Amino acid sequence: MTVATLVPLQSVTLALVAAAATLVVLTRDVQRQILVNGIYGILLVILFTVFAAPDVALSMLVVSTVGYPLVVLIAIARSRNK
Amino acid sequence: MSVLPYLVAGWICVIGLYGIVTSRDLIHLALCLTVTQSSTYVLLLAVGYVQGGGPPIFKGVELGTTAVDPVVQSLTLTDIVVSVTVLALILALALDVHSEIETMDPDRIVELQG
Amino acid sequence: MSWMLPLPVVLPLLAAAVNAALDHVTPRWAHDSVTVAGLASSFVFSILIMVDSMSGEPLHWFSGWTPRGGVAIGIGFAVDPLGAGMAVLASGLALAAVLYSLTYIETESRNYDILIGAFGGAMCGFALTGDLFNMFVWFELMGVAAYALAGFKVSELGNLQGGINMAVTNTVGAYFILIGVALLYARTGALNLAQIGRTLAGQHAGGVEIVALTLILVGFLVKAAIVPFHFWLADAHAVAPAPVCLLFSGVMVELGLFGAARVYWTIFDAPFGAHQIAIRNVLIVFGLVTAFVGAVMAFLQSHLKRLLAYSTISHAGMMLAGVGLLDSKSLGGVATLVLSHGLLKGGLFLACGVLLAQFKQIDELRLFGKGRALPVLGVLFGLGAVGLIGLPYVGSYVGHAGIDEGATLAHLTWVSPLLMLAAGISSAAILRAGARVFLGWGPSHDWLLSQQPPEDPPERDARVPLMVAITGVVIVLGLVVSIVPGLSQRAEYGAERFRDRAGYAERVLHGKPMKTKVLPYAIQPTTGESVVYGIGAGLVTLLFAAFGLWRNRLSDAWRTSAGRVAGPPLAVLKEVHSGVIGDYVMWITLGTALLGGVWALTLR
Amino acid sequence: MFLPSVALLAALLTWSLVAIPHFGHYRGPYGFVLNRVVLPERHMTNVVTATVFDYRGFDTMGEEFILFIAVTGVVLLLREQDRDESSDSEDEIGSDAVRVGGSLAVGVCLLVALWLIAFGFVTPGGGFQGGVALASSLVLVFLVASHKAWSGIASEEVLDPFEGVGAGGYVVVGLAALIGGMAFLTNLLGPGTPGTLYSGGSAPFVNWAAGTEVAAAFLILFMEFIEAYVVPLA
């Protein structure tokens with residue numbers, strides 16, 4: 001139970017993930033939020049990779065690069081243009 | 001800080017809840033909900049991590065090599081699917097709201113109260 | 001007979017998949033028949049499993065992965081009588097809902113069928129499973145089907161509000177459950193309920209167990225609509241189509257309580273066995289507060305389905321109080337109360353569907369006196385309300401009697417009179433509404449009642465006789481629950497088995513048989529107390545119903561002073577039910593913090 | 001009122017999170033048992049995929065149905081959104097380069113997606129990841145090819161059967177074992193050679209069923225949102 005359990009790469013990624021999650025919540029403009037959310041998604045992918053979970057990372061990758069943005073962007077497009 | 005990953009997960013959960021409570025836009029709210037959910041991914045994977053362990057895939061590595069827990073990873077996979085479906089359902093409801101009253105403000109869709 | 005265990009779950013799911021696969025090819029009768037067949041077979045197999053479970057604990061390890069040396073490596077169904085009973089109720093009510101919908105639902109009937117089929121299968125899975133994460137999976141499947149069904153009529157804002165509020169609150173609850181699961185997994189490295197319980201049994205209970213208990217319970221209590229997690233229910237139940245309300249109120253809410261009870265007795269009973277009093281007191285307080293908030297709010301409604309929704313909240317509170325007594329008498333009572341309430345309340349919702357189809361209205365005041373044209377329905381509606389009171393040997397009586405006995409055994413004699421009062425008030429609200437609608441009693445205006453926008457009626461001419469017939473069957477079944485010979489003994493035996501953590505763990509992890517009992521077929525012998533409480537509840541009901549109808553005949557002075565005392569709290573209570581989702585999530589957070597805080601102080 | 005309660009909740013969470021085994025000190029036993037037995041018993045080198053489709057395959061069946069039901073729900077909820085049926089005017093893609101490059105991209109994505117599904121038992125991947133990738137590569141068709149080609153693929157008439165067969169196929173594989181006198185979803189076929197496509201017995205069948213279900217579900221999802229929102233805008 002020493003400090004050394006967490007390798008530096010993991011600590012840095014964790015810090016970035018925490019910061020990005022905060023940013024996603026605090027970004028009130030949804031168009032910008034989906035961009036920040038994309039960055040958050042990529043950071044999670046990196047985190048899962050350094051947590052030795054490539055399967056989950058792959059899942060998160062397809063979801064955060066295609067799933068979320070496509071659905072949300074279209075929803076935004078609709079609500080803005082009508 | 002060997003509890004840092006857990007605390008990060010706790011923080012993500014709390015900040016997501018804050019976003020949900022203060023949200024003025026259903027799309028923003030739905031994304032905050034996915035943020036809250038992402039705390040469970042981080043927590044689950046952190047819980048199953050083994051110091052110095054590799055991925056639980058034994059192709060090209062010897063059986064018995066230290067590897068992290070595969071179970072939390074399979075739970076997280078299910079969890080991710082759930083998050084996509086819930087997001088899609090809430091956005092679909094939100095779009096229906098928008099086509100009714102031209103707004104996505106959750107405070108203004110109150111029809112039933114009291 | 002363990003091969004049967006997956007069938008109540010997978011057959012309705014298969015029916016849903018078949019309907020999707022044959023989309024755009026088959027006519028309506030074909031997909032209706034597929035769904036009915038799926039749910040009917042699920043119902044039949046559930047009954048067979050329940051019978052089987054009385055004389056042993058059927059086990060089914062999926063993919064054949066039996067435990068090794070006490071470690072479960074796969075997912076298992078482990079069925080006790082109460083779990084099987086919930087599956088019977090769920091599949092039975094889902095079947096009734098589909099039959100009722102044959103003429104009630106026209107738009108998107110195929111997708112509706114798919115959703116109901118999957119909803120039924122998911123509820124059975126939740127009731128039968130012995131794996132914590134598997135519970136979560138079925139909980140979510142129940143959820144996604146329910147959100148879509150709540151928002152079914154997409155051109156009504158109230159529907160969308162109900163759907164969104166339900167989706168967001170229940171999803172937050174589900175994440176709390178998942179965090180609790182992660183905590184338990186970190187602690188025990190197990191997902192099987194029995195194995196988690198066994199691992200925790202030998203260890204000192206600390207923060208992990210307390211927070212895990214709080215989070216998992218909150219997740220299930222959101223579904224069970226316990227104050228302050230209950231707000232979504234009134235919004236969602238008021239707007240969903242009547243047969244969907246039958247499922248929501250009749251079994252989904254109760255499954256939330258079932259989940260809470262299941263995890264308590266398989267997992268947390270071990271580490272907190274020494275602190276039962278602290279857990280008991282907290283659960284009873286939450287239960288009683290819920291029972292009263294629900295009853296009073298029900299009394300203030302004129303929208304019939306919203307009124308019934310609040311009365312469901314009230315009953316959920318009574319059930320939680322019964323579970324909270326933590327003994328077999330009261331848990332057995334709760335089991336029969338769930339059965340009778342599910343049938344009676346479900347039947348009342350179906351009756352509302354008939355009113356909506358016939359008169360295009362769902363508001364008590366707008367329906368004033370119109371119900372005279374449907375005397376049979378009126379009688380059924382009245383019987384439904386009467387059955388919920390707990391009058392001796394009518395409807396929910398044995399349930400209440402069991403809870404009363406449990407309370408007496410625990411020396412908590414103040415619980416039963418309070419439950420009597422709550423049951424009386426909530427039944428009074430239903431009776432008052434029935435008297436206005438079907439008899440035209442009382443004034444046709446009432447400023448006390450909350451006004452809600454009207455609901456669109458079903459689009460085509462629903463076949464009223466068929467709908468009334470199904471309503472009748474459901475209500476009559478609910479009324480006779482108290483006089484079925486041997487039922488309450490079996491419920492109590494089921495409760496004993498449900499609470500037998502060590503026996504359950506031995507059965508699940510090492511395949512040892514459960515000890516069984518020979519049970520008599522007799523009607524529950526009655527205690528004097530329960531009869532008194534039953535009659536008392538009847539009097540309270542009459543009093544409050546009369547007050548609701550003929551308040552204006554009281555003297556002015558009396559009314560002004562009463563208004564001055566009761567007015568402000570009632571206004572606050574109405575205000576709190578704001579319909580805003582942010583507020584609801586705030587209440588969930590507050591309730592979780594409160595529950596966890598109290599237990600953090602008392603459970604160590 | 002929210003801030004104090006969320007602060008208390010955060011305190012409670014922290015209290016419990018510092019008390020579980022510290023990061024990197026997972027103690028088992030569940031995962032360790034699986035890591036030890038999967039390769040010898042099932043000849044699958046990817047233990048996660050083996051867990052998903054075999055040891056905890058029943059969870060995954062529920063998960064497929066969550067996706068299936070959610071998509072059905074979305075179709076139900078978006079049914080009254082006005083759709084523009086006459087949108088074939090803006091149909092031509094201007095540049096040949098876009099078309100050629102795009103078609104190549106579609107081809108590459110399709111191959112990657114199929115590889116992800118097929119080799120899920122050997123390397124990272126599996127039905128879900130591959131299924132989403134498959135759906136995404138077909139969405140590329142919408143971006144690079146004509147609207148006609150898109151609507152040829154993405155119509156409910158075409159996709160619903162795939163979805164139903166995918167979700168139902170999972171149940172049927174499970175029932176086959178039950179009819180054969182074994183537990184639901186029991187792996188029927190021999191385990192095969194480790195590290196190859198032939199490893200895993202009947203688990204690859206449910207893997208492909210899941211892949212089909214996921215791809216069809218995501219395509220319907222995209223289609224519901226795209227048809228209703230983007231096409232009318234173009």
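**Figure 1. Chain D has nine helices and zero strands.** Helices (H or I, at least four residues) and strands (E, at least two) are DSSP runs, numbered from the N terminus. Along the sequence, chain D reads α-α-α-α-α-α-α-α-α. Of its 234 residues, 55% are buried. A residue is buried if 20 or more other C-beta atoms lie within 10 Å of its own, exposed if 12 or fewer, and partly exposed in between; C-beta atoms are placed from the backbone. Two residues are in contact if these C-beta atoms lie within 7 Å. Among contacts in chain D between residues at least 6 apart in sequence, 71% join residues at least 24 apart. This is a predicted model: local features need pLDDT of at least 70, side-chain atom pairs count only at pLDDT 80 or more, and totals for chains, interfaces and linings use all residues. Residues are numbered from 1 along each chain as its sequence is written, while chains are lettered from A and ligands numbered from 1 in the order in which they are written.

**Figure 2. L185(D) has a positive phi although it is not a glycine.** The phi value is about 70 degrees. L185(D) sits in the loop between α8 (156–179) and α9 (203–229) of chain D. It counts as buried, because 31 C-beta neighbours fall inside 10 Å.

**Figure 3. Chains C and D make the most contacts among the five pairs of chains that touch.** The interface takes 59 residues from chain C and 57 residues from chain D. On the chain C side, α1 (7–21), β1 (59–61), α4 (109–128), α5, α6, α8 and α22 (581–602) each supply at least two residues. The largest share is ten residues, from α5(C). By class, the side of chain C that touches chain D has 38 nonpolar, 17 polar and four charged residues. Ala, Val, Leu, Ile, Met, Phe, Trp, Tyr, Cys and Pro count as nonpolar, Asp, Glu, Lys and Arg as charged, and the others, Gly among them, as polar.

**Figure 4. Chain A touches chain D but not chain C.** Here 18 residues of chain A are in contact with 20 residues of chain D. The chain A side has twelve nonpolar, four polar and two charged residues.

**Figure 5. Helix α1 (residues 4–22) of chain B crosses helix α1 (residues 2–17) of chain D.** Their axes come within 10 Å and cross at roughly 160 degrees. Axes are lines fitted to C-alpha atoms, for helices over the stretch in contact, and angles run from 0 to 180 degrees between N-to-C directions. α1(B) is therefore roughly antiparallel to α1(D), a term for angles over 145 degrees. Residues of α1(B) including Y6(B), G10(B), V14(B) and Y18(B) meet residues of α1(D) including F2(D), V6(D), L13(D) and T14(D). The contact residues divide into twelve nonpolar, two polar and no charged.

**Figure 6. The largest nonpolar core has 404 residues.** Such a core is a set of buried Ala, Val, Leu, Ile, Met, Phe, Trp, Tyr and Cys residues joined through C-beta atoms within 7 Å. L89(B), L91(B) and A145(C) have the most contacts inside it. Helix α10 (residues 242–272) of chain C gives the most to this core, 20 residues. Leaving aside neighbours within four places in sequence, A145(C) is in contact with L115(C), A118(C), F119(C), A122(C) and I69(D).

**Figure 7. Helix α10 of chain C packs against helix α13 (residues 328–359) of chain C.** The angle is about 165 degrees, and the axes are 8 Å apart. That makes the two helices roughly antiparallel. Contact residues include A242(C), C245(C) and E254(C) of α10(C), and V338(C), K345(C) and F349(C) of α13(C). By class, the contact has ten nonpolar, five polar and two charged residues.

**Figure 8. Helix α7 (residues 193–201) of chain C is largely enclosed by the rest of the structure.** The reason is burial: eight of its nine residues are buried. Among them are L193(C), Q195(C), R198(C) and L200(C). The buried residues of α7(C) pack against α5 (132–150), α6 (157–188), α8 (207–223), α10 and α19 (501–510) of chain C.

Figure 9. The peptide bond from V227(C) to P228(C) is cis, with omega near 5 degrees. L326(C) is not a glycine, yet has a positive phi of about 60 degrees.

How values were computed. Parallel < 35°, antiparallel > 145°, perpendicular 65-115°, else oblique.
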